[in-house]
Amino acid sequence: MKKVLIFNGYYIPAKNYGGPLTSIENLINACHDIFDFYVVSFNHDFNSDIPFEVSTNEWVKVGHANVIYLPDGKLDYSYSGMQHFIKSVNPSIIWFAGVLVPRKKIIGTIIAKKMHIPVLFSPRGELNEDHVKIKSWKKRPVLALLHLFGIYNNCFFHATGTEEYDGILKYFKPSKDNVFMVPNIALIKQPQMEKHIKEKNVLKCYFCSRIHPVKNILFVIEAMSLCKANIQYDIYGPIEDSEYWEKCMDKAKEIGDNIKIRHKGYLKREDMPKVVQQYDCLLFATTGENYSHTIAESLANSRPVVISRGTTPWDEIDGKAGYSISLKTPEVFAEKLDYLASLDESEFDKLIQSTSDYFDNSPLVNAAIEGHKKMINSIIEGNKV
């Protein structure tokens, strides 16, 4: 089988890396029948220096992938070390997650070109304008230098949405033939653990992502302050920005007693279906996602979503599997939340069924697997999709 060597930064059992890890895991689970995957990961979690209890510096089998866990600095900026490593794997394609942090990317790309191995980059949201604006004083010079020196010239790029596609063209100016628009692969449909009981005039919402300004929790709290119904909002995920989280908690203390907000810590991947299905809906008003696995996770568990419009690829869910609402109208968020709270069990069951049907028939879900297979094969074989 064709070998796909992936430099992902972090991989299972990492818990704090979010979407990029989920994207690769779903890809491997869906496509391992035709590709042999080799994943390079740090031997610790994101924002942690505690090593995993795994073998390091050697390939181990993790699910359907071959994974090697390396300590920080291993292979970084090492021409001879990276050359030996790539030759030992002898991949058909090299795939880098992200474009900004150079570490292994620059040396790996130079060596791959000399070995005539195609290189694919997935920005994983790093080129979305909302992300570039954060610490732009650092990011824009890096992007400019990468383009100026032509480091990524003749490489391939994977965009999961139009904003990411536009960012790739803006910052790297590749041939459009070298840019592939393929949505991320969602989770498979999850069986229902038990009958869902929806309490009338109460809405149990959840959030599952890293706690960061991009995820817009403060906006959600402000919008919920306009609600009349009893709303429970449980937040799962690592606190990546403690100052921002303090602002959220300060705002939460100011709103009515009908709104209950709790931080529930980290949600283990294996517990996701059981926990998600205890809630009525996902409430997620992000300012920008190139895909958003947390939305896909909710839909895969037949739970409707209330999300921000124009900031994810999931706008078409509006009226089918929940609501997609402009961030300019917090009052509409409150209105929809109050409406969902007003539904009784039988009325809410219809929405759950509608959400389930949407996931089964969504082009965004069904096109992704075939799109990834075609993208990888076409790059390896030198053909267009």
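This is a predicted model: local features need pLDDT of at least 70, side-chain atom pairs count only at pLDDT 80 or more; totals for chains, interfaces and linings use all residues.
Local features require pLDDT of at least 70 and side-chain atom pairs count only at pLDDT 80 or more, whereas totals for chains, interfaces and linings use all residues. Residues are numbered from 1 along each chain as its sequence is written, and side-chain values use heavy atoms, with hydrogens and water left out.

A search of the whole structure finds 18 aromatic pairs, where rings of Phe, Tyr and Trp (its six-membered ring) pair if their centres lie within 6.5 Å, and planes under 30 degrees apart count as stacked, over 60 as edge-to-face and the rest as tilted. One of them is the stacked pair of Phe96 and Phe121, at 5.3 Å centre to centre with 20 degrees between the planes. Because Phe96 belongs to strand S5 (residues 93-97) and Phe121 to strand S6 (residues 119-122), this pair ties together parts 25 residues apart in sequence; strands (E, at least two residues) are DSSP runs, numbered from the N terminus. Phe96 counts as buried at 1% relative accessibility, and Phe121 is buried at 0%, the term meaning under 20% relative accessible area (1.4 Å probe, protein chains only).

Phe121 also stacks with Phe157, at 5.9 Å centre to centre and 25 degrees between the planes, and this pair links Phe121 in strand S6 to Phe157 in strand S7 (residues 156-159), 36 residues apart. Phe96, Phe121 and Phe157 are among the members of one aromatic cluster, which also includes Trp59.

Methods
Helices (H or I, at least four residues) and strands (E, at least two) are DSSP runs, numbered from the N terminus. Buried means under 20% relative accessible area, exposed over 50%, partly exposed in between (1.4 Å probe, protein chains only).
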